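This report walks through one protein chain.

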Amino acid sequence: MCDVPPGVVTGDNLLKLLKHAKDNGYAIPAFNCTSSSSCNAVLEAAKKNNSPVMIQASNGGGAFFAGKSCKDPNAAAAGSVAMALHVRAVAPYYGVPVVLHSDHCAKKLLPWFDKMLEADEEYFAQYGEPLFSSHMLDLSEEPDEENIEICVKYFQRMKPMKIWLEMEIGITGGEEDGVNNEDVDPEKLYTTPEQVYSVYTALSKIGEMFSIAAAFGNVHGVYKPGNVTLQPERLGKHQAYAKEQLKCESDLPIFLVMHGGSGSTDEEIATAVKNGVIKMNIDTDT
């Protein structure tokens with residue numbers, strides 16, 4: 001396992017951990033949690049397997065953590081922050097690196113994202129590191145230009161705290177956190193190398209602490225193997241295109257992540273990881 005301290009990792013230690021994953025051919029599992037009990041269960045499993053792990057707060061999960069009877073518009077943010085504080089309090093006792101992450105944030109959920117960043121800034125002012133390790137923006141419903149523009153704006157705000165940014169370009173099928181792509185044209189489920197590289201070009205001008213969720217046929221939901229047409233070899237084409245454009249030595253210049261893994265075969269997962277996937281969301285029957 002990567003030589004980083006146990007407990008929540010941020011900044012340089014997070015970058016070290018994710019580089020270790022990419023260089024050594026493994027992806028860190030990421031679990032959406034909705035309660036202190038589910039957080040503890042994930043931490044226990046990580047300890048038993050001596051594995052780094054990611055704990056994610058979604059908008060819906062944060063709202064549930066705050067209490068279903070709480071209808072305040074800021075409840076999801078309050079619950080997400082409470083979850084993060086709980087994990088920070090107990091994670092060191094499990095002896096493994098833990099990444100605190102927030103999951104899909106569509107444009108309509110940006111107020112939730114803003115509140116979490118405010119909590120990061122307050123925590124950073126007091127402790128010299130952010131509350132969360134990383135956040136995800138999922139603006140895949142928006143035109144690519146707007147998607148990238150908003151990501152750049154937030155990444156600039158996150159950089160001083162060394163918060164990792166995960167973004168999505170292209171469409172993941174199915175439905176999650178209010179983003180419904182159940183009836184989308186199947187051809188739109190595959191991101192192009194040019195799209196991925198346009199993200200890399202824009203964000204790399206700010207820093208290296210970012211990853212891209214590129215669609216390769218992924219679908220949120222519960223599906224048996226064979227019912228989803230995944231093409232993880234496309235991720236290799238993204239890497240090859242970026243390497244050619246950058247004229248670099250690395251065969252894997254981009255950090256990639258995998259969403260919508262339901263129905264994946266072992267071979268498809270292995271191919272995705274071989275092509276630079278360093279994080280895989282674990283949900284439903286993945």
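The side chain of S80 reaches the backbone oxygen of A76 at 2.8 Å. S80 sits in helix α4, residues 75–90. Is S80 buried or exposed? Its relative accessibility is 0%, under the 20% cut-off, so S80 counts as buried. The model is predicted, and these values are computed from it.

**Strands**

| Strand pair | Bridges | Sense |
|---|---|---|
| β2 (residues 28–32) and β3 | three bridges | parallel |
| β3 and β4 (residues 97–102) | five bridges | parallel |
| β4 and β5 | two bridges | parallel |
| β5 and β6 | four bridges | parallel |

Take β3 in detail. This strand spans residues 53–57 and is mostly covered, with five of its five residues buried. V53, I55 and A57 lie on one side. M54 and Q56 lie on the other. Both faces are covered. Between β2 and β3 the chain passes through helix α2, residues 36–48, in a right-handed β-α-β crossover. Toward β4, V53 stands opposite V98.

Strand β5 covers residues 134–137. S134 and M136 point one way, H135 and L137 the other, and all are buried. On the β6 side, S134 has W164 as its bridge partner. Helix α6, residues 144–158, carries the chain from β5 to β6, again as a right-handed β-α-β crossover.

**Cavities**

How many cavities of 30 Å³ or more does the structure hold? There are three. The largest cavity has about 60 Å³ of space. Its lining consists of L18, M54, V99, H101, S134, W164, E166, S211, V257, I278 and K279. By class, the lining residues of this cavity are six nonpolar, three polar and two charged. Which strands each supply at least two of the lining residues? They are β4, β6 (164–169) and β11 (277–282).

Some residues link the two topics.

Definitions and conventions
Residues are numbered from 1 along each chain as its sequence is written. This is a predicted model: local features need pLDDT of at least 70, side-chain atom pairs count only at pLDDT 80 or more; totals for chains, interfaces and linings use all residues. Side-chain values use heavy atoms; hydrogens and water are left out. Buried means under 20% relative accessible area, exposed over 50%, partly exposed in between (1.4 Å probe, protein chains only). Two strands pair if DSSP finds at least two bridges between them. A crossover is right-handed if, with the strands pointing away from the viewer, the path from the first strand over the helix to the second runs clockwise. On a 1 Å grid over the protein atoms alone, a cavity is a set of points where a 1.4 Å probe fits but cannot get out, and a pocket is an open set with protein on both sides within 12 Å along at least five of seven lines; lining residues have an atom within 4 Å of a point. Grid points are joined across faces, edges and corners, and a volume is the space filled by probe spheres set on the points. Ala, Val, Leu, Ile, Met, Phe, Trp, Tyr, Cys and Pro count as nonpolar, Asp, Glu, Lys and Arg as charged, and the others, Gly among them, as polar. A polar contact is a pair of N or O atoms within 3.5 Å; within protein, one must be able to donate a hydrogen and the other to accept it, and residues adjacent in sequence count only if both atoms are side-chain atoms.
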